[in-house]
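Hi everyone, thanks for making time this morning. I'd like to walk you through one structure, so please have a look at it before I start.

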Amino acid sequence: MSYRTKVIEEIERVFRDEGIEPPKEFLDDLMLLESGLDSLAFAVLVTQLQSTLGFDPFLASDEPFYPETLGEFIEFYDRHDT
Amino acid sequence: MTDTTPRLVTPRGSWTISELQTDPFHLVDSPPPSDSLVLDSGKSEEVVSAILVADGPISRVYLGAKSAGGEPLFNSNTLWYFLTSGTTSKPKQVAHELRGISRSLSSESVERSTWSFLTDIYRMAGIQVVLECLGRNENLVIPDSSMSIAEKLDFMRIHSVDKLSATPSQYRQLLGLRSFAELPLRQITLGGEIADQRLLTALKETFPDSKITHVYATTETGPLFAVSDCLAGFPVTKVTGIRSKLVISDVGELGVKSDATGETHWTGDLVALNQDRYMFTGRNSGFINVGGAKINPQEIESVVMTHENVLDCCARAIPSSVLGELVSLDVVLLNDDPQTLNQLRAICREKLPRLAVPRFFNEVKEIPKNETGKKLRASF
């Protein structure tokens, strides 16, 4: 099972809450840092997802991996499902 | 008034001071402790009128008097012990002589007043009221600590309390009770926390004829100054005055020079000059670090407290794997208006720098505080 739906739901919410114009579509090759999310919004997203999903892959992972695209980001979550 | 003797009134009984002098240790609150820390008062010429006993750091308190037949138990050199308010650590004891803590409080009054206080009796603010009453022969009404705020208010109304000392948080609660306005208050004393303008204005509107005094005191130094102009902060002259012992550090921390040693005691309170007034801006610690930016939680709280449905709140750090920490806000609401949290988000966005805007809001029943009433901001 992929967290795709949940992740995109939360991303949409963070865009809305932060008052940032969202991209037209959330495709896998969307570059996260070019999507309008800045570091603060991104941090909020990760904490929000931790609360919804119950884990934070950035904490669970030892590798300093920073997903660039939305597809990588979702895959990062799927991979660290605990 | 026919009764010319000041009285001590508690839910467990009422006594004149002379009764207290011959029948010691009337119970004010809870049964006698086995091993007591004695907080005592000695007015030089009068027979000692009160003994406060607290066992251990905070639990039980008594008020009573020892017989005048024997030796005076106390004198002006007697030390009074107070507990410091450690934000993170257990409170420690600090000793004061009477003269160090009895300079403060209220205006001269022609007719006898009836004081009460909602702060703990064994803290600086409570002990000041006791001393004031003893020194001026005024009545003292002490509600039991087990009473709810509404029950305390009823008790004070029954006994016509006209001078009251409490913390800003307690006054906010009282203002939410309709019968508060029926107290015939002539003197309103605030202490223990920073009083914001919204609260001072609300008190003035409710009690237009009363004197409203904000006392600034620390456990380590005793009362330092009082402000009665109904404005938040304090005038710059409190620092620039010739006899002022106050100093402001480079980072804006308020300090006090000791007469005895000449050393400066730093209070941990930060102030900023706004025209001719110093305003309290927070504590020199307890900042929330969002991606390297240091956020003052009290700035956030002062914005949140401007919403009329907020009774109390606490901004604290929650860990973030991305930015280190993010700001979370716990809030206690007066009623369950479903719009409030959204309104708070909007207010914070409007009034605060973007990094300081709380991203996570939790409605809670109460704000956890340590033994001396400081908010516990530890992240979890």
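A word on the ground rules. This is a predicted model, in which local features need pLDDT of at least 70 and side-chain atom pairs count only at pLDDT 80 or more, while totals for chains, interfaces and linings use all residues. Residues are numbered from 1 along each chain as its sequence is written, chains are lettered from A and ligands numbered from 1 in the order in which they are written, and side-chain values use heavy atoms, with hydrogens and water left out.

Let's begin in chain B with strand 22, residues 324–333. How many of the residues of strand 22 of chain B are buried? It's 8 of 10, so the strand is mostly covered. By buried I mean under 20% relative accessible area; exposed is over 50%, and partly exposed is in between, using a 1.4 Å probe and protein chains only.

Now for the partners of that strand. Two strands pair if DSSP finds at least two bridges between them. Strand 21 of chain B, residues 310–320, runs antiparallel to strand 22 of chain B, and 10 bridges join them. The two form a hairpin with 3 residues between them. If you want a place to look, find Ile318(B), which stands opposite Leu326(B).

Strand 22 of chain B also pairs with strand 23 of chain B, residues 360–363, this time in the parallel sense and over 4 bridges. Here Phe360(B) is the bridge partner of Ser328(B). To get from strand 22 to strand 23 of chain B, the chain passes through helix 9, residues 340–351, in a right-handed β-α-β crossover. Right-handed means that, with the strands pointing away from the viewer, the path from the first strand over the helix to the second runs clockwise.

Staying with that hairpin, let me turn to charge. Side chains of opposite charge can pair when their charged atoms come close. I call it a salt bridge when a side-chain nitrogen of Lys or Arg is within 4 Å of a carboxyl oxygen of Asp or Glu. Searching the whole structure gives 13 of these over all chains.

One of them joins Asp330(B) and Arg316(B), at 2.9 Å from N to O. Asp330(B) is in strand 22 of chain B and Arg316(B) in strand 21 of chain B, 14 residues apart. Are these two buried or exposed? Asp330(B) is buried at 7% relative accessibility, and Arg316(B) is buried at 5%.

Another pair in chain B is Arg157(B) with Glu182(B), whose closest N and O atoms are 3.0 Å apart. Arg157(B) lies in helix 4 of chain B and Glu182(B) in the loop between helix 5 and strand 11 of chain B, so the pair ties together parts that are 25 residues apart in sequence. Arg157(B) is partly exposed at 32%, and Glu182(B) is exposed at 52%.

Over in chain A, Arg79(A) forms a salt bridge with Glu75(A) at 3.3 Å. Both sit in helix 4 of chain A, 4 residues apart, about one turn of the helix. Arg79(A) is partly exposed at 41%, as is Glu75(A) at 38%.

Next, helix 2 of chain A, which covers residues 39–53. Among the buried ones are Phe42(A), Gln48(A), Leu49(A) and Leu53(A).

What does Lys6(A) touch, not counting residues up to four places away in sequence? The answer is Leu49(A), Thr52(A) and Leu53(A), where contact means heavy atoms within 4.5 Å. Lys6(A) is in helix 1 of chain A and is partly exposed at 41%. Its C-alpha is 8.2 Å from that of Leu49(A), 43 residues apart along the chain.

Last stop: Arg277(B), in strand 18 of chain B. Arg277(B) is buried, at 10% relative accessibility. A polar atom of its side chain lies 2.8 Å from the backbone oxygen of Ala232(B). Beyond its neighbours within four places in sequence, Arg277(B) has contacts including Asp229(B), Phe234(B) and Ala272(B).

Note on methods: Expected span 1.5 Å × (residues − 1). Polar contact = N/O pair within 3.5 Å; in protein donor to acceptor, adjacent residues only side chain to side chain.
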